[in-house]
Amino acid sequence: TRKIPLGFPSCLLQDKRNKKQRLSLSVLAPSSVFVAKNFMDPKECDAWIRYAEDEIGFESLNSSQTREYAQRECGRISRTDWDMADRLYQRMQAIVMEIVQQTCITHHNQTNN
């Protein structure tokens, strides 16, 4: 039995994004679906794919269609890794702020009394 580490290897994401690759944001569905082109460079993408396919393997996920959701059949990997989550967020923070500005998303704190 192969022992799989709990977190992701840090080598999957460089500390600094390759500045030669221009990051761009595309809107697929206003206020809901966005694509960040060049978020990862080709080496990082290849490393994530190799790690997911060779080291972890994909978990099958099948969801039946409901009135609200389409049928889904896909594979996924899942890990709880706060360090990698922070590194990913640091890289995407400017993109998140651009989306917030474009969509006028605001923080709403509702209290139930």
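Me: Where does E44 lie?

Reply: E44 lies in helix α1, in a predicted model. Helices are DSSP runs of H or I with at least four residues, strands are runs of E with at least two, and both are numbered from the N terminus.

Me: Buried or exposed?

Reply: E44 is buried, at a relative accessible area of 3%. Buried means under 20%, exposed over 50% and partly exposed in between, with a 1.4 Å probe and protein chains only.

Me: What does E44 touch?

Reply: Leaving out residues up to four places away in sequence, E44 touches L12, L13, Q14, F39 and R91. A contact means heavy atoms within 4.5 Å.

Me: Where is R91 relative to F39?

Reply: R91 lies over the face of F39, 5.8 Å from the ring centre. The rule for a charge over a ring asks for NZ of Lys or CZ of Arg within 6 Å of the ring centre and within 35 degrees of the ring normal.

Me: What is the span of α1?

Reply: Helix α1 (residues 42–56) has 15 residues and reaches 20 Å from first C-alpha to last, close to the 21 Å expected at 1.5 Å a residue. The expected span is 1.5 Å times one less than the number of residues.

Me: Now the strands. How do β1 and β2 pair?

Reply: β1 (residues 24–29) and β2 (residues 33–37) are antiparallel, over five bridges; pairing requires at least two DSSP bridges. V27 stands opposite F34 in β2. Three residues sit between the strands of this hairpin, where S31 has a positive phi near 70°.

Me: What is the overall pattern?

Reply: Along the sequence, β-β-α-β-β-α.

Me: Which conventions apply?

Reply: Residues are numbered from 1 along each chain as its sequence is written, and side-chain values use heavy atoms, without hydrogens or water. Local features need pLDDT of at least 70, side-chain atom pairs count only at pLDDT 80 or more, and totals for chains, interfaces and linings use all residues.
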